[in-house]
Amino acid sequence: MVLAISFLEAPLKFRAPGVAVPVGLGIGRIVFRALNRVEIALAAVTLAAIVIVRPSGVTAGLTAAIITILAGQLTVVRPRLNRRSDRVLAGENLPRSTVHLYYVGLEAAKVIALVVLGIRLLMTG
């Protein structure tokens, strides 16, 4: 989901003919809100599984890293992006921002951690 939405849908929607920045931002907010809700639910289930199963330190550490990254995105970066998109949607003409690059960087880190965790779980199966 993260790869499809963050690295495909998000940048491509702004390249579609007729999609103005405010429309793309409105769509993006809805899509990312839904993605983040699913991520929160999956993180809660995963955290419960970690508490119950008590996996190895590496598995628990990777899981904690993923949840920490998600928490950082939701509590630090997303509020900044939302404030900025509120201003754009209100009609302000703002210069380009680099805040979204922090979100993208955290998404990339999260994807890497998820891949490493998945490989680890497959190998220790």
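A pocket, as used here, is an open set of grid points where a 1.4 Å probe fits, with protein on both sides within 12 Å along at least five of seven lines. The views below come from a predicted model.

**View 1. The largest pocket holds about 970 Å³ of space.**
Its lining is made of 27 residues. Ala-10, Phe-14, Leu-25, Leu-81 and His-100 are the ones nearest the centre. Helices H1, H2, H3 and H4 each give at least two residues to this lining. By class, the lining splits into 11 nonpolar, 8 polar and 8 charged residues.

**View 2. Helix H1 spans residues 2–13.**
The helix has 12 residues. From first C-alpha to last, H1 reaches 16 Å, close to the 16 Å expected at 1.5 Å a residue. Which residues of H1 are buried? They are Val-2, Ile-5, Ser-6, Ala-10 and Lys-13. These residues sit on the same side of H1, because they cover an arc of only 105° around the axis. Their cover includes helix H2 (21–53) and helix H4 (99–124). Ala-10 returns from View 1, where it is among the residues nearest the centre of the largest pocket.

**View 3. Ile-66 lies in helix H3.**
Helix H3 runs over residues 57–89. Is Ile-66 buried or exposed? Its relative accessibility is 12%, so Ile-66 counts as buried; the cut-off for buried is under 20%. Leaving aside residues up to four places away in sequence, Ile-66 touches Lys-110, Ala-113, Leu-114 and Leu-117. Leu-114 is 48 residues from Ile-66 along the chain. Even so, the C-alpha atoms of Ile-66 and Leu-114 are separated by 7.1 Å.

**View 4. The second largest pocket holds about 470 Å³ of space.**
Its lining counts 22 residues. Nearest the centre are Leu-42, Thr-46, Ile-66, Leu-114 and Leu-117. The elements that supply two or more lining residues are H1, H2, H3 and H4. Which element gives the largest share of this lining? Helix H2 does, with 7 residues. By class, the lining has 17 nonpolar, 3 polar and 2 charged residues.

Methods
Residues are numbered from 1 along each chain as its sequence is written. This is a predicted model: local features need pLDDT of at least 70, side-chain atom pairs count only at pLDDT 80 or more; totals for chains, interfaces and linings use all residues. Side-chain values use heavy atoms; hydrogens and water are left out. Helices (H or I, at least four residues) and strands (E, at least two) are DSSP runs, numbered from the N terminus. The expected span of a helix is 1.5 Å times one less than its number of residues. Buried means under 20% relative accessible area, exposed over 50%, partly exposed in between (1.4 Å probe, protein chains only). The arc is that of the directions from the helix axis to the C-beta atoms. Contact means heavy atoms within 4.5 Å. On a 1 Å grid over the protein atoms alone, a cavity is a set of points where a 1.4 Å probe fits but cannot get out, and a pocket is an open set with protein on both sides within 12 Å along at least five of seven lines; lining residues have an atom within 4 Å of a point. Grid points are joined across faces, edges and corners, and a volume is the space filled by probe spheres set on the points. Ala, Val, Leu, Ile, Met, Phe, Trp, Tyr, Cys and Pro count as nonpolar, Asp, Glu, Lys and Arg as charged, and the others, Gly among them, as polar.
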